[in-house]
Amino acid sequence: MYASEVPPSSTLTCRYPSGLTSTSWPTSPSGLVPHSERWRDVARASARRERVIIARATQLAADTYQIFRPLLFYPGRSEHRINIARQVAVYLCHMSGITMYSLARHFHRDVSTIHHAVRKIEYLRSDPDFDQFLDEMAQKLDNPDFQPPL
């Protein structure tokens with residue numbers, strides 16, 4: 001039936017293959033309503049975890065490469081050592097479980113640029129010295145005593 005054939009006073013009910021109607025469809029797989037307090041608490045905790053990991057990784061990269069931390073978030077082009085420090089920070093964040101889309105948003109970059117940074121650092125890990133350097137940075141990042149200013 002086409003929309004032009006439906007009389008204006010009638011209402012349509014959407015039926016899904018399982019027999020559920022549009023009014024009985026669950027709101028989420030976990031049964032949480034998206035606007036409930038519990039859902040917001042989970043989202044806030046996840047966002048805080050991302051911010052903490054990004055702050056720790058960027059501070060570690062800035063300290064290692066001896067640059068000012070806010071330069072890592074500058075949206076334009078930068079010097080080579082700032083770019084390498086940003087790529088290392090992005091790689092460490094990505095290895096900590098943060099998605100490339102979140103990293104792109106936090107670092108003011110396109111997702112393809114974040115993907116390039118991760119691939120470049122993975123390529124550079126073929127050098128044993130750089131691989132050891134990154135392993136040491138990852139251990140420092142996991143150390144609970146390392147607390148950068150948020």
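Accessible areas come from the Shrake-Rupley method with a 1.4 Å probe, and for residues only the protein chains shown count as cover. On this basis the accessible surface of the chain comes to about 10,300 Å², and carbon and sulfur atoms hold 56% of that surface. The model is a predicted one, in which local features need pLDDT of at least 70, side-chain atom pairs count only at pLDDT 80 or more, and totals for chains, interfaces and linings use all residues. Residues are numbered from 1 along each chain as its sequence is written, and side-chain values use heavy atoms, with hydrogens and water left out.

The chain has five helices and zero strands, where helices (H or I, at least four residues) and strands (E, at least two) are DSSP runs numbered from the N terminus. Along the sequence the pattern reads α-α-α-α-α. Of the 150 residues in the chain, 31% are buried; buried means under 20% relative accessible area, exposed over 50%, and partly exposed in between (1.4 Å probe, protein chains only). Contact means heavy atoms within 4.5 Å. Among the contacts in the chain with a separation of 6 or more, 56% are between residues 24 or more positions apart.

Helix α2 covers residues 80-95. The expected span of a helix is 1.5 Å times one less than its number of residues. For the 16 residues of α2 this gives 22 Å, which agrees with the 22 Å between its end C-alpha atoms. After α2 comes Gly97, whose phi is positive, near 105°.

Ala89 is found in α2 and counts as buried because its relative accessibility is 0%. Not counting residues up to four places away in sequence, Ala89 touches Ala57, Thr58, Ala61 and Phe107. The C-alpha atoms of Ala89 and Leu60 are separated by 7.8 Å, although the two residues are 29 residues apart along the chain. Gln87 also lies in α2, and its relative accessibility of 11% means that Gln87 counts as buried. Leaving aside neighbours within four places in sequence, Gln87 is in contact with His116, Ala117, Lys120 and Ile121. Between the C-alpha atoms of Gln87 and Ile121, 34 residues apart along the chain, the separation is 7.0 Å.

The contacts of Gln87 belong to the packing of α2 against helix α4 (residues 111-124). The axes of these two helices are 9 Å apart and the angle is about 90°; axes are lines fitted to C-alpha atoms, for helices over the stretch in contact, and angles run from 0 to 180 degrees between N-to-C directions. Helix α2 is therefore roughly perpendicular to α4, since angles under 35 degrees count as roughly parallel, over 145 as roughly antiparallel, 65 to 115 as roughly perpendicular and the rest as oblique. Residues from α2 in this contact include Ile84, Val88, Tyr91 and Met95, and those from α4 include Ile114, Val118, Ile121 and Glu122. The residues of the contact divide into nine nonpolar, three polar and two charged. Here Ala, Val, Leu, Ile, Met, Phe, Trp, Tyr, Cys and Pro count as nonpolar, Asp, Glu, Lys and Arg as charged, and the others, Gly among them, as polar.

Helix α3 (residues 100-107) also packs on α4, with axes that come within 8 Å and cross at roughly 105°. This makes α3 roughly perpendicular to α4. Met100, Tyr101, Leu103, Ala104 and Phe107 in α3 meet Val111, Ile114, His115 and Val118 in α4. By type, this contact has eight nonpolar residues, one polar and no charged.

Most residues other than glycine have a negative phi. Two loop residues have a positive value instead. Gln66, in the loop between α1 (37-65) and α2, is not a glycine but has a positive phi of about 55°. Gln66 counts as exposed because its relative accessibility is 66%. His108, in the loop between α3 and α4, has a positive phi near 60°. With a relative accessible area of 49%, His108 is partly exposed. Leaving aside neighbours within four places in sequence, His108 is in contact with Phe73 and Pro75. The C-alpha atoms of His108 and Leu72, 36 residues apart along the chain, are separated by 9.7 Å.
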